[in-house]
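Trainee: I am new to this structure and would like to understand how its descriptions are reached. Could we go through them one at a time?

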Amino acid sequence: MNSIILGTHQKIDRIARRKLQPFIPHGVKFPSSREMLRFEGQHGPDSIRLKTTGDCEDPKHFIDPDDPSDRDLLDMIAAHEKNLIHSLREDAREKAAFEAAWLAHAIVDGLTPAHHYPYEEKLAELRGGQKDQLRNTKRKRVFVPGDGLREKVKNNVAFLGPNGLWMKHWQFETGVDLVARPLRFSDVKLSRNDRARIREAGGIVPLYLDIVQRIYRLNMYEEFLKKSWTRNLARQTKDKLMPTIIHTVLLSWYYCAWRAAQE
């Protein structure tokens, strides 16, 4: 399963990196878009997730907005920020590019409405409660088991069919990609108040749940599941979802660059 379509991740990284440029402190060598994008695609979280065969922990970027104790993604984001700051201080450009790219990817996925849906729980139900580590081959990751041919067919239609769990996730994120592709999002800014707020917060994590909630309250994925893509969803993607996502990546990268310059 892919997260937001790869081209959208790349677009977000390019826009956020361009808008970060005027705010990079003197002496901090923040990686370029080209350097960071080496760690998308074949070297990004989505590709790793597809290649993983259960013998290691693949990165999952889901978050439950209704569960304050769901902190796995928050911890992942905090770790990437910490590592990016350290890499910038050490002028370890390749490591900094990796951390910046994977930090942005985690932030983006966690703000994507399809990643607020209990995908893993629904998938576990289809798999009869099968543990994730038992999906230890590519075939087991794609096909859902069942007792007998009829149940196997039923489960796989519920997963891969036109209205299946995976298919609806993919259709939503394809829609986001198509809406975002021609847009420049020139209105996204990093204001003085933004910079002061993220410095005071000590990173994006203390602000992240509030941002997640703002998107969650739009009920975009719920509307999509009921009506498929609508003009309202396209408008929300253009005016609210994508600008919020880009701005959040920009805030986090700015904090890391600023923090790296402090010592």
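Mentor: Let us start at the surface, where Leu149, Val153 and Val157 form a nonpolar patch with about 300 Å² of accessible area together. This is a predicted model, in which local features need pLDDT of at least 70 and side-chain atom pairs count only at pLDDT 80 or more, while totals for chains, interfaces and linings use all residues. Residues are numbered from 1 along each chain as its sequence is written, and side-chain values use heavy atoms, leaving out hydrogens and water.

Trainee: What makes a group of residues a patch?

Mentor: Patches are made of residues with over 30% relative accessible area and no salt bridge, like charges being joined within 9 Å and nonpolar side chains (Val, Leu, Ile, Met, Phe, Trp, Tyr) within 5 Å. A salt bridge is a side-chain nitrogen of Lys or Arg within 4 Å of a carboxyl oxygen of Asp or Glu, and accessible areas come from the Shrake-Rupley method with a 1.4 Å probe, where for residues only the protein chains shown count as cover.

Trainee: Why is valine 153 called partly exposed?

Mentor: Buried means under 20% relative accessible area, exposed over 50%, and partly exposed in between (1.4 Å probe, protein chains only). Valine 153, which lies in helix α8 (residues 149-160), has a relative accessible area of 45%, and is therefore partly exposed.

Trainee: Is histidine 80 buried or exposed, and how do you know?

Mentor: Histidine 80, found in helix α4 (residues 72-89), has a relative accessible area of 10%, so this residue is buried. Leaving aside neighbours within four places in sequence, histidine 80 is in contact (heavy atoms within 4.5 Å) with Glu99, Trp102 and Leu103.

Trainee: Why is α5 described as largely enclosed by the rest of the structure?

Mentor: Because 14 of the 18 residues of α5 are buried, the description holds. Helices (H or I, at least four residues) and strands (E, at least two) are DSSP runs, numbered from the N terminus, and the protein chain has 13 helices and zero strands.

Trainee: What makes phenylalanine 30 and tryptophan 253 a tilted aromatic pair?

Mentor: Rings of Phe, Tyr and Trp (its six-membered ring) pair if their centres lie within 6.5 Å, and planes under 30 degrees apart count as stacked, over 60 as edge-to-face and the rest as tilted. The count by this rule comes to twelve aromatic pairs. Phenylalanine 30 and tryptophan 253 are 5.7 Å apart centre to centre with 55° between the planes, and form a tilted pair. Both phenylalanine 30 and tryptophan 253 are buried.
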